Amino acid sequence: MTTKMSEKDSPDELEKAFILFSQNKPMIEFADLQRIARELGETMSDEELKEMVFEANKTDREGNVDKKDFLSILNKAPTVWSIQIYNY
């Protein structure tokens with residue numbers, strides 16, 4: 001499937017995306033993002049991935065992305081987080 005994440009995704013689909021990224025943990029860690037990017041064949045540097053985490057978590061910048069931050073970034077205008085996760 002090649003559907004991209006969009007503003008029209010249901011809350012259930014967004015929840016599934018968070019679980020996919022975080023591997024059912026309460027936070028998406030940097031290593032999770034590296035894994036997803038690698039498995040999708042994305043050629044992003046660690047610096048680019050760190051910038052994604054930094055951009056998603058502007059409130060406390062601890063290096064993890066919680067569900068609230070993840071959902072917030074996906075509900076904004078298209079961003080780098082809107083990669084084709086359904087290809088995963």
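Modeller: Let us begin with what counts as an element: helices are DSSP runs of H or I with at least four residues, strands are runs of E with at least two, and both are numbered from the N terminus. Read in that way, the chain of this predicted model follows the pattern α-β-α-α-β-α along the sequence, with four helices and two strands in it.

Biologist: What share of the 88 residues in the chain is buried, and what percentage of the contacts between residues at least 6 apart in sequence joins residues at least 24 apart?

Modeller: A residue is called buried when its relative accessible area is under 20%, and buried residues make up 32% of the 88 residues here. Among contacts between residues at least 6 apart in sequence, 57% join residues that are at least 24 apart.

Biologist: Which residues have the most contacts inside the largest nonpolar core, and which elements give two or more residues to this core?

Modeller: The largest nonpolar core has 17 residues, and those with the most contacts inside it are Phe 21, Ile 28, Leu 33, Leu 49, Val 65 and Phe 70. The elements that give two or more residues to this core are H1, H2, H3 and helix H4, which spans residues 67-74.

Biologist: How should I read the packing of two helices, and at what angle do H2 and H3 pack?

Modeller: Two packed helices are described by the angle between their axes and the distance between the axes. H2 and H3 pack at an angle of about 125°, with their axes 10 Å apart, which makes H2 oblique to H3. The crossing of H2 and H3 is right-handed, and the contact is made by Phe 30, Leu 33, Gln 34 and Ala 37 of H2 together with Asp 46, Leu 49, Lys 50, Met 52 and Val 53 of H3. Sorted by class, this contact of H2 with H3 has six nonpolar, one polar and two charged residues.

Biologist: And at what angle do the axes of H1 and H4 cross?

Modeller: The axes of H1 and H4 come within 10 Å and cross at roughly 120°, and that angle makes H1 oblique to H4. H1 passes H4 in a right-handed crossing, where Leu 14, Glu 15, Ala 17, Phe 18 and Phe 21 of H1 make contact with Lys 67, Phe 70, Leu 71 and Leu 74 of H4. By class, the contact of H1 with H4 has seven nonpolar, no polar and two charged residues.

Biologist: Is H1 roughly perpendicular or roughly parallel to H2?

Modeller: The axes of H1 and H2 come within 8 Å and cross at roughly 100°; because angles of 65 to 115 degrees count as roughly perpendicular, H1 is roughly perpendicular to H2. In this contact, Leu 20, Phe 21 and Ser 22 in H1 meet Asp 32, Leu 33, Arg 35 and Ile 36 in H2, and these residues divide into four nonpolar, one polar and two charged.

Biologist: Where do Gln 23 and Asn 24 lie, and what phi do Gln 23 and Asn 24 have?

Modeller: Gln 23 lies in the loop between H1 and S1 and has a positive phi of about 55° although it is not a glycine; at 48% relative accessibility, Gln 23 counts as partly exposed. Asn 24 is also placed in the loop between H1 and S1, with a positive phi near 65° in a residue other than glycine, and Asn 24 is exposed, with a relative accessible area of 61%.

Conventions
Residues numbered from 1 in each chain as written. Predicted model: local features only at pLDDT ≥ 70, side-chain atom pairs only at ≥ 80, totals over all residues. Heavy atoms only, no water. Axes fitted to C-alpha atoms, helices over the stretch in contact; angles between N-to-C directions. Parallel < 35°, antiparallel > 145°, perpendicular 65-115°, else oblique. Left-handed = near helix turned anticlockwise from the far one by under 90°. Contact = heavy atoms within 4.5 Å. Nonpolar A, V, L, I, M, F, W, Y, C, P; charged D, E, K, R; others polar. Core = buried A, V, L, I, M, F, W, Y, C linked by side-chain atoms within 4.5 Å. Buried < 20%, exposed > 50% of the residue type's maximum accessible area, 1.4 Å probe, protein only.
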